[in-house]
Amino acid sequence: MTVTILITSGPTREYIDPVRFISNASSGKMGKALVQEALKQNCKVIAVKGPSDIDIPENKNCKVINVISAKEMLSAVKQNLKSADIFIGAAAVSDYRPVSVAKNKIKKKDIGSDTINLKLIKNPDIIKYVGNHKNKKVVVGFALETKNLLSYAKTKLKEKQLDMIVANGANTISSEKSSPVLIFKDGSVKKIKLVSKEKVAKEIINESIGIYKTVKTR
Ligand code: C5P
């Protein structure tokens, strides 16, 4: 039985004008580590990757779809969801995007004041969409918080109908290592000591496949 894992990774970019955008500091390292570990465990991988310096090489078991914005990421996920047994949302999706994208570069002289108002609109929640269409799929998300990490993560686990959430402190972003807490749907938790993202990826893939096997035999 080959397990197919759909993984989102990296940041998204939400353009303001042709040269400026809103984004975040996600490096895409966690996503790449998940892809590599899944391939090591003989899974098939579909990686939907936001723009970062990290490269995910394609091969016969790994399809890579490069996207820029959250809307593009959602559309790539929707197109590939059917073939996935497990979905892992490791992407740091921009929560908001500008209501409109200026056709030309915004010029200071056209603003006419020292302040500028940027109207933003909420982006679609990709993992929530997957949670709402999960059937027997296993859905795994991430939570990164600067306070109340565990309680916020537990709320997200419920709201997004996840099977597991990886709760991380904000020091994880762009770092080589992390020490997350894995929180499961049944309320149980597993703390991981500070280790490389490759080791964290191994834990996440092992746990995800374990859940998938129990869901499949149910
Ligand atoms: O709500 P928050 O952004 O903290 O949730 C983080 C989790 O939700 C991550 O797994 C992230 O990939 C996913 N997410 C998403 N689409 C969004 C926002 C977050 O898939 N628009």
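Author: Strands pair where DSSP finds at least two bridges between them; strands (E, at least two residues) and helices (H or I, at least four residues) are DSSP runs, numbered from the N terminus. The model is predicted, so local features need pLDDT of at least 70 and side-chain atom pairs count only at pLDDT 80 or more, whereas totals for chains, interfaces and linings use all residues. Residues are numbered from 1 along each chain as its sequence is written, and side-chain values use heavy atoms, without hydrogens and water.

Reader: How many bridges join strand β1 to strand β4?

Author: Strand β1 covers residues 4-9 and strand β4 covers residues 44-49.

Reader: Which strands form the edges of the open sheet?

Author: The open sheet has eight strands with mixed pairing, in the order β5-β4-β1-β6-β9-β10-β12-β13. An edge strand here pairs on one side only. That description applies to β5 (62-66) and β13 (189-191).

Reader: Which residue in β3 stands opposite Tyr15?

Author: Strand β2 (residues 14-17) pairs with strand β3 (residues 20-22) in the antiparallel sense, over three bridges. A hairpin of two residues connects β2 to β3. Within this pairing, the residue opposite Tyr15 is Phe21.

Reader: Is Ser69 buried or exposed?

Author: Ser69 is placed in the loop between β5 and α2 (70-80). Beyond its neighbours within four places in sequence, Ser69 is in contact (heavy atoms within 4.5 Å) with Thr12, Arg13 and Glu14. Buried means under 20% relative accessible area, exposed means over 50%, and partly exposed lies in between (1.4 Å probe, protein chains only). Because its relative accessibility is 15%, Ser69 counts as buried.

Reader: What is the phi of Asn135?

Author: Most residues other than glycine have a negative phi. Asn135 lies in the loop between α4 (126-132) and β9, and with 74% relative accessibility it counts as exposed. Although Asn135 is not a glycine, its phi is positive, at about 50 degrees.

Reader: What relative accessible area does Asn148 have?

Author: Asn148 belongs to the loop between β9 and α5. Its phi is positive, about 45 degrees, although Asn148 is not a glycine. Asn148 is classed as partly exposed because its relative accessible area is 43%.

Reader: What is the relative accessible area of Leu120?

Author: Leu120 is found in strand β8 (residues 120-122). Leu120 is partly exposed because its relative accessible area is 39%.
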